[in-house]
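Hi,

Here is the structure I promised to pass on.

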Amino acid sequence: MANPARLGNRVDAGLLIACVGLSFIAIVLRDQDREPIASALRRTVVAPLVGLQRGAERWRVAYVTNDARQMAVDSVVMRTMNSQALQVENDQLRRILGLGSRLEWGFVPADALRGTAPSEQLVTTLTLTAGSTAGVTRYSPVVAPEGLVGTIQTADPTMSIAILYTNPDFRASAMAVDGSTFGIIYPHAQRGSGSDAYMLEMRGVPTKIQLKPGTTIYTSGLGGTFPRGITIGTIVVELKTSEVWTRTYLVRPAVTPSQVTTVLILTPKRISQGTGNIWGAASAMNADSASKRIATAGDSLAKRAAAADARARATALDSLRQAAVDSALRSLGMSVPNRARPDSVKSRPPPDSVRRP
Amino acid sequence: MTWNTAVRTIVACAILIVLHYTLRPLLAWRASIDFLVIALLIGSVRMRPGAAAVYGFMLGFVADSVDVSGFGAAALAMSLVGFSASWLKAVFFADNLVLNGFFLFIAKWVFDVLFLILGRNAHGTELMVQMFVWSPIAAAVTAVAGVVVLTILRPLMETRTA
């Protein structure tokens with residue numbers, strides 16, 4: 001039941017009537033009249049509450065759009081990763097195309113498929129997507145834009161298997177950049193980690209020849225398996241061995257097998273005719289020969305100049321000696337023999353002769 | 001009402017008003033909890049009816065200033081609800097939580113009906129659906145939330161009996 005005493009309170013009733021009246025006035029106000037009142041309230045008393053509401057709505061929007069935003073971020077990351085992989089692949093293909101355009105003929109392009117055997121820590125063989133029907137034969141060289149990759153071990157009609165230079169059975173006849181030093185390339189027995197995982201050895205280098213670190217090693221073409229001038233790697237350091245008459249060098253290969261995705265297989269005809277200056281061996285050799293010729297020419301010029309100088313000195317000494325002898329003969333009243341050459345006398349005009357006008 | 005109770009009531013109402021402008025937009029339910037109505041009832045039962053009407057008018061005016069679509073409607077509805085709550089507190093605000101929840105439900109529904117009619121925001125079928133579908137659901141949700149709030153605040157606040 002309602003409290004009659006409180007209900008009958010005139011103050012309460014008056015307040016209620018006032019509030020209701022004010023509310024009705026607010027309801028019937030026109031928009032242009034109510035907006036200033038509401039705006040004043042929003043800017044003053046209700047401002048903190050409006051700020052709280054705005055912050056809460058932002059939180060809600062952030063929460064609601066979080067999944068969509070995360071998906072967008074994931075998509076962008078995935079696209080970025082794909083674009084990077086595509087860019088790497090594109091670069092490799094461009095290099096292969098460049099190598100193919102330089103070779104012009106006598107090669108078979110192939111994709112390299114790696115084995116997935118878990119026990120195989122290092123890549124020693126590659127399965128290539130080109131076989132004997134495309135002209136691939138056993139022992140065909142497998143090359144990449146960076147240099148030598150390996151050689152074909154088995155050639156099936158549609159695919160072939162190549163052993164890489166990391167394979168224990170791999171051998172290649174090699175030479176230094178100037179073509180003056182030869183050796184045999186073997187896979188390095190001790191396997192390192194990281195960038196040193198794939199290393200080679202150049203054995204059989206004569207003791208009298210010392211190769212500097214950084215010297216580029218190419219295939220020599222001896223033996224007929226690999227054509228001359230394919231880049232193998234660069235000299236890192238000389239290895240200590242028990243050999244007395246030969247040196248062994250550690251070689252860093254130019255090609256990293258784990259990054260090989262596309263290769264070119266050279267055909268037997270191309271091997272027999274050579275690859276020319278595809279990997280820059282000839283230019284390096286030419287530059288080396290030119291520098292040697294320049295040094296030799298310089299030496300001969302210096303030798304000639306020294307010989308001429310020596311001859312001039314000897315002539316001068318001889319003249320002085322003759323002049324001293326002649327002077328002594330004249331002082332003794334003896335006749336001085338005429339040492340002038342007949343041709344020089346002829347060329348000299350007689351003192352009594354008169355030049356005709 | 002002692003000063004201690006008054007301060008507690010003011011703090012509780014302030015928390016509820018803040019919740020109305022933080023938790024409600026965060027939840028953004030179709031039938032959302034009306035913390036202002038809960039704050040109005042908690043405060044009204046501790047005031048005289050006239051003061052409760054003024055309190056309701058102020059709360060409604062604040063709500064109207066933020067949502068100007070029915071300017072004055074919330075003030076009028078809350079004035080009436082606050083006055084009625086204060087007048088009827090002896091009847092409904094016993095220690096029974098179910099009764100308190102029912103009163104909250106009725107208060108919220110009445111407020112929504114008054115707001116919809118006075119604010120003229122909806123017409124025809126939409127008004128009917130709003131009044132008899134969404135408003136009861138919102139009233140029920142508000143009643144549940146109010147019961148939870150009262151349960152939490154019961155140790156701190158004591159209801160003045162008539």
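Strand 3 of chain A is joined to strand 12 (residues 262–266) of chain A by 2 bridges, and the two run antiparallel. In that pairing, A:Val142 sits opposite A:Ile265. Bear in mind throughout that this is a predicted model.

Strand 3 also pairs with strand 4 (residues 147–155) of chain A, again antiparallel, through 4 bridges. A hairpin of 2 residues links strand 3 to strand 4 in chain A, and A:Ala144 faces A:Gly147 of strand 4.

So which residues of strand 3 (residues 141–144) are buried on each side? A:Pro141 and A:Val143 are buried on one side, A:Val142 and A:Ala144 on the other, and both faces are covered. As a reminder, side chains in a regular strand alternate between the two faces of the sheet.

Over in chain B, have a look at helix 2 (residues 35–44). It is largely enclosed by the rest of the structure, because 10 of its 10 residues are buried. Among them are B:Phe35, B:Leu36, B:Ile38 and B:Ser44. The cover over the buried residues of this helix includes helix 1 (3–27), helix 3 (49–66), helix 4 (73–87), helix 6 (97–119) and helix 7 (124–153) of chain B.

Then there's the contact between the chains: 30 residues come from chain B and 32 residues from chain A. On the chain B side, helix 1, helix 3, helix 4 and helix 5 (89–92) each supply at least two residues, with helix 3 giving the most, 9 residues.

Cheers

Definitions and conventions
Residues numbered from 1 in each chain as written. Chains lettered and ligands numbered in written order. Predicted model: local features only at pLDDT ≥ 70, side-chain atom pairs only at ≥ 80, totals over all residues. Buried ≥ 20, exposed ≤ 12 C-beta atoms within 10 Å, placed from the backbone. Pairing = 2+ DSSP bridges. Contact = placed C-beta atoms within 7 Å.
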